[in-house]
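Thanks for coming. Please have a look at it first.

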Amino acid sequence: MAVTADELAQLEERLLAKLQGQPSRVEEEEEELPAAVFARVTCVTTILLVYVCVSMVASIFTTGVHGNLSQIEYCVYPLCFTAFTGLIFGALDSEAAGRRTIKLMRAWWIPQIVIVPYLYWTSDMYVDAVLLFIGFSINSIFWPWLFGAMREILRKRYQGSRTAWSQHYTSRALKLGAFQIVLAVSAIAQGLEGKESFPRVYATFNFSLNLSTVLIFVIAIFDV
């Protein structure tokens, strides 16, 4: 991200203030945004999360893992990770919005501990179901903790310039989300034919989900 002259001046002021043991003018003037500012983005994210869970439940009682409905859900699922990344790190200037998003993430993970393994179990994939139960149980603890810890560190590190960095992370998430939508549309447009198309859709799912994971760990390694 390009650094402007104003941002360099703000950084210099904060460093001088820290050397003197006093809060800088930039830090004192920084505005803490209310959670209501991010209400629309939160609502869109919630709708996406609900769709994914409802789609998996519907697949349990209809076509199973290999069905077309399940394959559409596989294409959409990675967008949930990207949405969380954009909402959590794109709201560094709102403590309330961050806490609410972490709670939303926990609320999304917990039902999946049951839904996803049961979807595989009803499709006679018993070993996968057991492994997924263990995996989602761990994920429901790990991911909210990781996102929360990273966010707190970034809020302290970028104090005085949280809004600028929030916009930076939002831009990253939007670009990745747009590319994932293109991947999903491309996979669906090639046709969904049950077990025949499942390997192709599942490969697209893994690639798209790994992109979201890479973005998260790039932030963790280079920014945190």
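The helices I name are DSSP runs of H or I, at least four residues long, numbered from the N terminus. With that in place, Asp-124 sits in the loop between α5 and α6. Please keep in mind that this is a predicted model.

Let me stay with Asp-124 for a moment. Its phi is positive, about 65°, although the residue is not a glycine. Most residues other than glycine have a negative phi. Is Asp-124 buried or exposed? Asp-124 is exposed, at a relative accessible area of 55%.

The largest nonpolar core has 50 residues, and the members that touch the most others are Tyr-77, Phe-89 and Trp-108. Which helices supply at least two residues each to this core? They are α3 (39-60), α4 (68-89), α5 (95-121), α6 (126-157), α7 (162-189) and α8 (198-223).

Take Tyr-77 as an example. Leaving aside residues up to four places away in sequence, Tyr-77 touches Val-52, Trp-108, Trp-109, Gln-112, Phe-136, Phe-205 and Leu-209.

On to charges. Side chains of opposite charge can pair when their charged atoms come close. Counting a Lys or Arg side-chain nitrogen within 4 Å of an Asp or Glu carboxyl oxygen, the model has 4 salt bridges.

Start with Glu-95. Its side chain meets that of Arg-151 in a salt bridge, 3.8 Å from N to O. Glu-95 is in helix α5 and Arg-151 in helix α6, so this pair ties together parts 56 residues apart in sequence. Arg-151 is buried, with a relative accessible area of 2%.

Glu-95 also forms a salt bridge with Arg-155, at 3.0 Å from N to O. Arg-155 is in helix α6 as well, so here the pair with Glu-95 of α5 ties together parts that are 60 residues apart in sequence. Arg-155 counts as buried too, at 8% relative accessibility. Taken as a group, Glu-95, Arg-99, Arg-151 and Arg-155 are linked in a network of salt bridges.

Another salt bridge joins the side chains of Arg-172 and Asp-223, at 3.9 Å from N to O. Arg-172 lies in helix α7 and Asp-223 in helix α8, so the pair ties together parts 51 residues apart in sequence. How accessible are the two partners? Arg-172 is partly exposed at 27% relative accessibility, whereas Asp-223 is buried, with a relative accessible area of 11%.

That is what I have for today.

Notes:
Residues are numbered from 1 along each chain as its sequence is written. This is a predicted model: local features need pLDDT of at least 70, side-chain atom pairs count only at pLDDT 80 or more; totals for chains, interfaces and linings use all residues. Side-chain values use heavy atoms; hydrogens and water are left out. A nonpolar core is a set of buried Ala, Val, Leu, Ile, Met, Phe, Trp, Tyr and Cys residues joined through side-chain atoms within 4.5 Å. Buried means under 20% relative accessible area, exposed over 50%, partly exposed in between (1.4 Å probe, protein chains only). Contact means heavy atoms within 4.5 Å.
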